[in-house]
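Please look over the structure shown below, together with its sequence.

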Amino acid sequence: MATTSIAPEYAIDIKPDQIRQDLLRPIFQTSRRFYVLVFFLVAIGLPGIFLYANQMSEGMGVAGITRPIFWGIYIANFVFWIGISHAGTLISAILRLVNATWRRPVTRCAEAITVFALAIGAQYPIIHLGRSWLFFWLMPYPSERGIWPNFRSPLCWDFFAISTYLTGSTAFLLLPIIPDWAVVRDRASGFRKRIYTILALGWRGTPREWHRLEVAMRIMAVAILPVAISVHTIVSWDFAMAPVPMWHSTVFGPYFVAGAIFSGIAALIVAMGILRKALHLEEYLKPSHFSNLGKLLLVMSLLWVYFIFAERLTVWYGNQPAEMAAFWSIQRGRFAGLFWTMVSCNFLIPFPILAIKKLRTITGTMIASSTVVVGMWLERFLIVVPPLEHKYLPYEWGTYHPSVTEIGIAIGTLCGMILLYVLFAKLVPIISIWELKGGQHKKPFAEQALSAASRSGVHLDSTLPSTNS
Amino acid sequence: MAHRWAMVIDLDRCTGCETCMAACHAENNIATVDAKQAARGRAMHWIHVERYWEGEFPNVRARFQPVLCQQCDAAPCEPVCPTYAAYHNEDGLNAQVYNRCIGTRYCANACPYTARYFNWWNPVWDKPLQLQLNPDVSVREAGIMEKCTFCNQRIVATEIQAKAENREVQDGEVKPACVQSCPTTAMVFGDLDDPNSQVSRLARSMRATTLLSELGTNPKVIYLERESSHGND
């Protein structure tokens, strides 16, 4: 199978030594900016932990949720972060499968978003529990209580979906890091050397190892796609399975998946834009990468508008009294401001920026992506809260306002997410060195290593690996 | 022998006196919250009386409807609970096992009647009110969902008594606190499986209806519509 030749605008014309130097710099050099950033993230995020501890000791009453709005921004944040997590694995898997050569500098920062956003998002169902410390009762294990979890409950499905996705995406992130950790190991000394020796898992770069890595990545790329789709479908079913007006909808599965990919791409573009400046990766993350991802974002923006239109139109046309109460509170009532902000952030602002070629620059896509991230959070909020405020019996209606605890924990998890990402970019080359170099050569890695070995007279019994690097 | 406990509430007889609410709080050790929390919607009244106004002033009439857990046969709250805290017991009641509840509050969202109540705080009773707690009912801690049980402790106690005396439970022998305290006997409790029980006879009435029957939840709380509401009274 022929390796696609690289179009000139994606070609990264840098010598391998320079690549190594550029991409390993954050690992070996620590700037003062790094410490300042970490300090501020910890300082801003830390109150969230105390607020959560306080919530556990005092009771859920410190949160703004009340009857009948039993789920608030904890659940909105949960859906939001799980959505953001679709940045990486899904996009990177698709780009790998279609062998898009421009993906090489993008995949790792995308995959890292997935793992960390999932780790953060998975905290929320636990934070929101009335008795957080008993969250493990969702797991099927032989307990002294003699009962299994309820497999009919969408929350139980959530547990399986998220833990599968977290395991899969962690493997998907870690596998291609191994050769890069070996690169770090070979250049490090002292304490660092010992750490990276363990992390590199004895990688030597033999053809057999490359072959296995390639096969593993191909299997993972195929396997992770249905997992990613199922995760957000199941998250949507947390809502769709309950007979709550405006939740009980068949469109929710695909609608949530589309929204997740949409917010995921937006988060990826924002992260790439910041990394590009902070780590001086201008030569690696080029305008063409942002433009390409911008096009994907444009498609998802249109898809999002289509879904929300389809959802709203059918509800409005059906004209069922219970649903219309929630519907009008969003369109005209208390939530109208948030609704139209959401539409602006997800469509009216990003659409022209992304559709007009001149505006689809790095700055342009960064602005569009930032609004999309905000807009998609609002979308999650508008899915969770207004329907709960307007259930069937009007005398049970209520209003919800987030409390300091909920907002503090939300800020805390945001800081936690950024902190994890910053530490990751510090400890791991945020652009895959070997994949980048692989893109520069005509022959794939395994073949190169094999021919190099035969030239130097080393006997290797590995069969020739397939050529898809 | 399993029963199918049900309640019939005659809306023509309800005066909206709210005695049932007070009796329910006392019987079931339901925590009270301060006025500020109550205004935020955190009061826990397993049974509460809804009030409707009909007509324009001065020709206004008040209508009352006590609302409690409807003890649905097809209860939306049950399948969504991940820990089986909400489950269907042998008598067809929607039981809530407090010790299993981890507080996902999913059941409360799924309940179309919003009949479930969450313990936002740990319960507090001003001294010496803690001495009047009912020893037959456990006190719930913060983070747990609770709701009307049809006074299951009374059902169990009556069944044990009947078994000890080697006889069946008599119709009208079990009386939940709300039924027992209702001054106008607007509420009747009994076994729907017994065709001759008072609830069975009333449930066959032309006036019998259920709340949100279009949702297919099959409630076991049956309301007898106001006869007067069909004409001038």
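In this predicted model, chain B holds an open sheet of four strands, whose order is β8-β1-β10-β9 and whose pairing is mixed. Strands β8 (187-191) and β9 (208-209) of chain B stand at the edges with a single partner strand each, so one side of each has no neighbour in the sheet. Strand β1 (residues 5-10) of chain B pairs with strand β10 (residues 221-224) of chain B in the parallel sense, over four bridges, and within this part of the sheet B:Met7 stands opposite B:Val221 in β10(B).

| Helix | Residues |
|---|---|
| α10(A) | residues 207-240 |
| α14(A) | residues 336-348 |
| α16(A) | residues 362-389 |

Helices α14 and α16 of chain A pack at an angle of about 145 degrees, with their axes 8 Å apart, and α14(A) passes α16(A) in a left-handed crossing. The residues that make this contact include A:Leu338, A:Phe339 and A:Met342 of α14(A), and A:Val372, A:Met376 and A:Phe381 of α16(A). By class, the contact of α14(A) with α16(A) comprises ten nonpolar, four polar and one charged residues.

Helix α10 of chain A, with 34 residues, reaches 49 Å from its first C-alpha to its last, which is close to the 50 Å expected at 1.5 Å a residue.

Notes:
Residues numbered from 1 in each chain as written. Chains lettered and ligands numbered in written order. Predicted model: local features only at pLDDT ≥ 70, side-chain atom pairs only at ≥ 80, totals over all residues. Axes fitted to C-alpha atoms, helices over the stretch in contact; angles between N-to-C directions. Helix = DSSP H or I, 4+ residues; strand = E, 2+ residues; numbered from the N terminus. Left-handed = near helix turned anticlockwise from the far one by under 90°. Contact = placed C-beta atoms within 7 Å. Nonpolar A, V, L, I, M, F, W, Y, C, P; charged D, E, K, R; others polar. Pairing = 2+ DSSP bridges. Expected span 1.5 Å × (residues − 1).
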